[in-house]
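Please look over the fold shown below. The report then takes it region by region.

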Amino acid sequence: MNTLLKAVNPKDSILLYDFYQKIPANECGFKNDAYNISKDEFVKYLQKKYDSSQGINLKPNRVPSTEFILYINNIPVGIGRVRHYLTEELLNHAGHISFAIAPEFRGQCYATILLKSLLEQAKMLNLSKVLLTCNENNVGSYKTIEKNGGKLDRIHSGERFYWIDLA
Ligand SMILES: CC(C)(COP(=O)(O)OP(=O)(O)OC[C@H]1O[C@@H](n2cnc3c(N)ncnc32)[C@H](O)[C@@H]1OP(=O)(O)O)[C@@H](O)C(=O)NCCC(=O)NCCS
């Protein structure tokens with residue numbers, strides 16, 4: 001099996017448009033703002049994501065964040081996001097990393113592979129530990145986090161908070 005994690009780039013819009021339509025607009029807190037938008041808008045979406053990873057044109061209270069695609073045997077299967085540092089708001093909700101696998105590719109350990117690869121990226125950003133949060137009852141998400149070394153810190157207002165040590 002060939003696996004590749006690649007940051008999104010506006011040049012990939014033709015390849016990625018159909019894939020983004022497979023990820024629901026909002027599922028268990030993972031938001032896909034590219035769902036149901038036009039192809040022209042999608043190029044702008046990818047440009048915005050690319051700019052964000054470079055810290056360009058950030059909205060107030062937004063931190064640089066890199067959006068990655070996991071490819072399995074050259075097919076896009078999942079999206080992962082790494083926020084480069086935390087704000088007070090991210091510390092209390094959402095954390096450093098979020099991820100989603102397109103429904104048709106679930107149950108094949110791809111989220112586990114995706115998170116492992118995202119942690120390598122977080123390490124390259126010099127993060128020594130990362131915070132991940134998920135809905136208290138999102139079994140797929142918290143199992144993925146625990147399989148990647150997540151230690152439960154607390155459950156608060158229906159949300160689980162995990163830290164993963166990268167040192
Ligand atoms: C959560 C999600 C990423 C899991 O993706 P996946 O590729 O199916 O996960 P994996 O195959 O790597 O499975 C990881 C573990 O979770 C378990 N799991 C996955 N989905 C599950 C489910 N719906 N119910 C129970 N366990 C589940 C798997 O069995 C596996 O554990 P195991 O090795 O002990 O059997 C996927 O369901 C998804 O994209 N959900 C919507 C978005 C989301 O919730 N993102 C996370 C919060 S930001």
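This is a predicted model: local features need pLDDT of at least 70, side-chain atom pairs count only at pLDDT 80 or more; totals for chains, interfaces and linings use all residues.

## The three-stranded sheet

Three strands build an open sheet, and their order is β7-β9-β8. Pairing in this sheet is antiparallel. The edges belong to β7 and β8. Each has a single partner strand, so one side of each lacks a neighbour in the sheet. Direction ignored, neighbouring strands are turned by 20 degrees against each other on average.

α5 lies across β7 and β9. Relative to β7, α5 runs at about 160 degrees.

Strand β8 covers residues 151-156, and strand β9 covers residues 159-165. Five bridges join them in the antiparallel sense.

How many of the six residues of β8 are buried? The number is zero, so β8 lies largely in the open. The turn is open as well at S157, which sits in the loop between β8 and β9. S157 counts as exposed because it has 7 C-beta neighbours inside 10 Å, and the limit for that class is 12 or fewer. Its phi is positive, near 50 degrees, and S157 is not a glycine. Most residues other than glycine have a negative phi.

## The nonpolar core

The largest nonpolar core holds 33 residues. Those that touch the most other members are F99, L114, L118, V130 and L132. Two or more residues come from each of α1 (13-20), α2, β4, β5 (75-83), β6, α4, β7 (129-135) and β9. The top contributor is α4, with eight residues.

Which residues does V130 contact, leaving aside its neighbours within four places in sequence? They are G95, H96, I97, L119, A122, I164 and L166.

## The ligand shell

The shell around the ligand has 23 residues. Nearest are C28, R106, A111, G140 and K143. By class, 10 are nonpolar, nine are polar and four are charged.

Three elements supply at least two shell residues each: β6 (97-101), α4 (110-124) and α5 (139-147). The largest share comes from α5, with six residues. Two of these elements, β6 and α4, are also on the list of core contributors. The helix α5, for its part, is the one that lies across β7 and β9.

## Two further loop residues

N126 is found in the loop between α4 and β7. Its phi is near 65 degrees, a positive value in a residue other than glycine. N126 is exposed, because 9 other C-beta atoms lie within 10 Å of its own and exposure requires 12 or fewer.

G55 is in the loop between α2 (39-53) and β4 (65-72). Is G55 buried or exposed? It is exposed, with 12 other C-beta atoms within 10 Å. That count still falls in the exposed class, because the class takes in 12 or fewer. G55 and H84 stand 29 residues apart in sequence. In space they are 9.6 Å apart, C-alpha to C-alpha.

Key
Residues are numbered from 1 along each chain as its sequence is written. A residue is buried if 20 or more other C-beta atoms lie within 10 Å of its own, exposed if 12 or fewer, and partly exposed in between; C-beta atoms are placed from the backbone. Helices (H or I, at least four residues) and strands (E, at least two) are DSSP runs, numbered from the N terminus. Two strands pair if DSSP finds at least two bridges between them. A residue is near a molecule or strand if its C-beta atom, placed from the backbone, lies within 6 Å of it. Ala, Val, Leu, Ile, Met, Phe, Trp, Tyr, Cys and Pro count as nonpolar, Asp, Glu, Lys and Arg as charged, and the others, Gly among them, as polar. A nonpolar core is a set of buried Ala, Val, Leu, Ile, Met, Phe, Trp, Tyr and Cys residues joined through C-beta atoms within 7 Å. Two residues are in contact if their C-beta atoms, placed from the backbone, lie within 7 Å. Axes are lines fitted to C-alpha atoms, for helices over the stretch in contact, and angles run from 0 to 180 degrees between N-to-C directions.
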